[in-house]
Structure formats: C-alpha cells, structure tokens
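The report that follows begins with a single aromatic residue and then widens to the fold as a whole.

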Amino acid sequence: MKKNQEAECCEFIHVHQDIVDRVNRVMPDEDTLYDLSELFKIFGDSTRIKILYVLFESEMCVCDIAQLLQMTQSAISHQLRALKQSKLVSSRREGKTVFYALADSHVRTILDQGMEHVSE
C-alpha cells in the first residue's frame, strides 16, 4: 500500500469510552447484522439487480423477464428464487402464469439510494 493510501491511525492510544459506550448501546445484535449482510449479498449480483430494475418498472412473468434480459427462463427462475427468499420480490399466480413484482416500497428505496450513490 502506498504511503498516501495507508489507513490513518491514532498516534496516541486513548479510548474515548463515552463514545464507545454510546455507540455500543445502539449497535444491532449479531443476528441482525448477519441478516443485513446476507441481504446486501443479494444485491452483489448484476443479474439480480437487472431483474429488480425490470420489476421496478412492471410486474412480469419469468418468460417476459427472460425475453427482456435475453437469458434462459431457468437462469431467471433461479435468481427469482433467491430474490423471493430474501423477501425482495413477491409472486402471484394467475392461471398457469406466475407474476413477480417488487415486494414493497423498501426495495424501491434501496435501489434508488444505490443508484443515487453510484451517480454522484
């Protein structure tokens, strides 16, 4: 690591216990932090991000998403399963067709915030 890229450290070791205690009181528990990290892992795949953006625009079935993204229905179905398990998408059946949509407004907010961040 180059000198100007090194992480800065305190030159004098002194713990600011009041700050540590205050932050420690509001820190989520380990299980919650683990669940949050698992959620963010789902966003770490560009195919899943594409699917979420497609569903941002419209409810769609696997066939429609596969056509739009030029992928196989099997590949789309696999990714939708992960998104559904993470509660990011919901589904509803209409006859023999299953339609997928974003699960709730939180997913839209996460996508909006992420896009705003990368666009800065």
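## An aromatic pair

Phe43 is buried, its relative accessible area being 15%, where buried stands for under 20%, exposed for over 50% and partly exposed for what lies in between, with a 1.4 Å probe and protein chains only. Phe40, at 49% relative accessibility, counts as partly exposed.

Rings of Phe, Tyr and Trp (its six-membered ring) are paired if their centres lie within 6.5 Å, and planes under 30 degrees apart count as stacked, over 60 as edge-to-face and the rest as tilted. By this rule there are two aromatic pairs. In one of them, the ring centres of Phe40 and Phe43 are 6.5 Å apart with their planes at 50°, so this pair is tilted.

## Basis of the model

This is a predicted model, in which local features need pLDDT of at least 70 and side-chain atom pairs count only at pLDDT 80 or more, whereas totals for chains, interfaces and linings use all residues. Residues are numbered from 1 along each chain as its sequence is written, and side-chain values use heavy atoms, with hydrogens and water left out.

## Fold and dimensions

The protein has six helices and three strands, arranged along the sequence as α-α-α-β-α-α-β-β-α; these are DSSP runs, helices being H or I of at least four residues and strands E of at least two, numbered from the N terminus.

The C-alpha trace spans about 65 × 35 × 25 Å along its principal axes, and 22% of the 120 residues count as buried.
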